[in-house]
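Hello,

Please find the structure below. My notes on what was found in it follow.

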Amino acid sequence: MSLQITLFYVSAFIIVFCALRAMTGQYIFRSALYLAVTLATLAVQYMLLRAEFVAIVQILVYVGAVIVLIMFAVMLTAQLGDAHVSQTNRLAVATGAASLTLFYVLQKVLRANDWAAVIPAPADPHVQVETASNIKAVGQALLSGYLLPFELVGLILFIALVGAVLIARKDPVA
Amino acid sequence: MNAIGLNHYLMLSAALFSIGFYGVITRRNAVGVLMGAELILNSVNLNLLAFNHFLHPAALGGQMFALFTITIAAAEATVALALVVAVYRQKKSVLVEDIDQLKW
């Protein structure tokens, strides 16, 4: 077994196990910690897929920012730590069956297709990777072919930030 | 065991999607529902990167799409958690069944 195969299976196991614990646990704060492990281990998979920049962004944005946000929300809402409040509603069994069925159907459909034939090569790709470094190629692509969406995403982040402050402030504006 | 192929990643992402779906439906906690949504978004990202890597490694489209998804997910988490805090301040509860003002 090569290193790549070992890495894939080990990290896939960690991802699925921690995701299950995050979604079924009783304590929401522990769920957040398990989610952090899942998201950080996903970065290993991104590395294996030769997407180094996305892997770094994954750790910076998800583990560094989103998980911290979730933990703050957990700590600001005191009721969350209560062990006596059930965290799952009464749909748990039915939804468990539904998501198992969903997984079964998904894997059937995903295996059945010959994806190389379904998705043809892009006729005019915006950017081709010329350098060995993925980060350099992504940087060039972001500031050339993808410049407009890049700027728009900055605008969206700004609006979301202002909106979040406005929503969460104590006295609502008249 | 064979080399890791596209199907391995598709299976992993399908599993992640199903787990996230389970979380979104069954969690009573608004923050828990949000965590399930984050899992679903991440499974999509894994799919995009896997297709990019195995089908057209020379193109960058999948990685770009994944980057924008991560950014939008961060914005979405910010607004959603602000909403949770605002609702908690008003109703003293973060359970989704207590947030029913729009239910008539």
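To begin with a pair of helices in chain B: in α2(B), the residues Ala30(B), Val31(B), Leu34(B), Glu38(B), Leu41(B), Val44(B), Asn45(B), Leu48(B), Leu49(B), Phe51(B) and Asn52(B) meet Gly61(B), Gly62(B), Gln63(B), Phe65(B), Ala66(B), Thr69(B), Ile70(B), Ala73(B), Ala77(B), Ala80(B) and Val84(B) of α3(B). Here two residues are in contact if their C-beta atoms, placed from the backbone, lie within 7 Å. Helices (H or I, at least four residues) and strands (E, at least two) are DSSP runs, numbered from the N terminus.

By class, this contact of α2(B) with α3(B) has 15 nonpolar, six polar and one charged residues. Ala, Val, Leu, Ile, Met, Phe, Trp, Tyr, Cys and Pro count as nonpolar, Asp, Glu, Lys and Arg as charged, and the others, Gly among them, as polar. The axes of α2(B) and α3(B) are 9 Å apart, at an angle of about 175 degrees (axes are lines fitted to C-alpha atoms, for helices over the stretch in contact, and angles run from 0 to 180 degrees between N-to-C directions). The two helices are therefore roughly antiparallel (the term applies to angles over 145 degrees).

The model is predicted: local features need pLDDT of at least 70 and side-chain atom pairs count only at pLDDT 80 or more, while totals for chains, interfaces and linings use all residues. Residues are numbered from 1 along each chain as its sequence is written, and chains are lettered from A and ligands numbered from 1 in the order in which they are written.

Chain A has seven helices and zero strands. Of its 174 residues, 25% are buried (20 or more other C-beta atoms within 10 Å of the residue's own, these atoms being placed from the backbone).

Between the chains, 73 residues of chain A are in contact with 63 residues of chain B. On the chain A side, α3(A) gives the largest share, eleven residues. That side has 55 nonpolar, 16 polar and two charged residues.

The largest nonpolar core has 72 residues (such a core is a set of buried Ala, Val, Leu, Ile, Met, Phe, Trp, Tyr and Cys residues joined through C-beta atoms within 7 Å). Val54(A), Ile70(A), Leu16(B), Val31(B) and Leu49(B) have the most contacts inside this core. α3(B) gives the most to the core, with twelve residues. Leaving aside neighbours within four places in sequence, Val54(A) is in contact with Tyr46(A), Leu49(B), Gln63(B), Ala66(B) and Leu67(B).

Regards

How values were computed: A residue is buried if 20 or more other C-beta atoms lie within 10 Å of its own, exposed if 12 or fewer, and partly exposed in between; C-beta atoms are placed from the backbone. Angles under 35 degrees count as roughly parallel, over 145 as roughly antiparallel, 65 to 115 as roughly perpendicular and the rest as oblique.
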